[in-house]
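Welcome! Please take a look at the sequence and the model below, and then we will walk through some of the features together.

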Amino acid sequence: MSTLSESIESEADTADHRSPEPPTIPQMLHHVAYITYDSAATTDFYTRIMGMPLVNAVMDDHLPSTGDRTPYFHTFFRMGDGSTLAFFESPGLPPTPEVPTPAFKNFNHIALEVPTRADVDRWRDWLQANGVEHQVVDHHVIYSVYFQDPNDVRLEITATMDASWNAQEAVGAALLNEWVNTRAAAAEAGEDVDEALRGLIARHAHQAQIKGQRTA
């Protein structure tokens, strides 16, 4: 016959092994951080061109999250919803290595939302007036203007044209499944995985072009 103490210990042990409750889904972007080699130029760009105020700055001789002894100056610029873009400048940081393909710079970017297509066009005109090189792209589901900040961070100002663009869970799951299965099948057959994935992409690109979903 178990004692009360043993029963309590057993219940506690069971509780310790129960799966925790899922955490709260992230509510918004708090901040995303990049490297800068010139905090003054970065501040000028984000306050004067982007209209985002400098709302805080900190400096320290080590990174609290890792303990690395890397001295830095850390700045924060606020957007309309309270989220921020942040930058680190560190004395003696070597130049950013050259990337082997433009994809590394083109894929890594941050898109900032404005309400309407007309707002994107106003940004286009503003960038033009301030001598900032840019490119306008109509993705149909969104409408965007792309440009670079002084740190070579690729920025996108975009307006949503299709309110359901981020409510396509079934489409996302189906495409992910097709991608994973294509990769696995090619690997199992000893085929070139990259070529198999390129073929998959080409088939979907052709289908999208037929449906009029791609821009020229």
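Which residue forms a salt bridge with D121, and how far apart are the closest N and O atoms? The residue is R124, with the closest N and O atoms 3.3 Å apart. A salt bridge here is a side-chain nitrogen of Lys or Arg within 4 Å of a carboxyl oxygen of Asp or Glu.

## About the model

This is a predicted model, in which local features need pLDDT of at least 70 and side-chain atom pairs count only at pLDDT 80 or more, while totals for chains, interfaces and linings use all residues. Residues are numbered from 1 along each chain as its sequence is written, and side-chain values use heavy atoms, leaving out hydrogens and water.

## Salt bridges

Side chains of opposite charge can pair when their charged atoms come close. By the rule above, the count comes to 8 salt bridges. Let us return to R124 and D121: both lie in helix α4, 3 residues apart, about one turn of the helix. Helices (H or I, at least four residues) and strands (E, at least two) are DSSP runs, numbered from the N terminus. R124 is partly exposed, at 29% relative accessibility; buried means under 20% relative accessible area, exposed over 50%, and partly exposed in between (1.4 Å probe, protein chains only). D121, R124 and D125 are linked in a network of salt bridges.

In helix α6 (residues 193-210), E195 and R198 are also 3 residues apart, about one helical turn. Their side chains meet in a salt bridge (3.1 Å, N to O). E195 is partly exposed at 46% relative accessibility, and R198 is partly exposed at 49%.

Another salt bridge joins the side chains of K105 and D152 (2.9 Å, N to O). K105 lies in helix α3 (residues 103-107) and D152 in the loop between β7 and β8, so this pair ties together parts that are 47 residues apart in sequence. K105 is partly exposed, with a relative accessible area of 37%, and D152 is partly exposed too, at 38%.

Strands of a sheet pair through backbone hydrogen bonds, either parallel or antiparallel. In this model, an open sheet of 4 strands runs in the order β1-β4-β3-β2, with mixed pairing; two strands pair if DSSP finds at least two bridges between them. Its edge strands, β1 (31-35) and β2 (54-60), each pair on one side only. Strand β3 (residues 72-78) and β4 pair in the antiparallel sense over 6 bridges, and R78 has T84 in β4 as its bridge partner.

Helix α2 packs on the sheet, touching β2, β3 and β4, where contact means heavy atoms within 4.5 Å. S39 is found in this helix, α2. Is S39 buried or exposed? S39 is buried, with a relative accessible area of 8%. Not counting residues up to four places away in sequence, S39 touches F73 and E89.

## The nonpolar core

In soluble globular proteins, nonpolar side chains tend to be buried together. A nonpolar core is a set of buried Ala, Val, Leu, Ile, Met, Phe, Trp, Tyr and Cys residues joined through side-chain atoms within 4.5 Å. The largest one has 23 residues, of which Y46, M50, F147, L155 and I157 touch the most other members. The elements that give two or more residues to this core include α2 (39-49), β4 (84-89) and β8 (154-160). Among the residues that L155 touches, not counting residues up to four places away in sequence, are F45, Y46, M50 and F147.

Conventions: Axes are lines fitted to C-alpha atoms, for helices over the stretch in contact, and angles run from 0 to 180 degrees between N-to-C directions.
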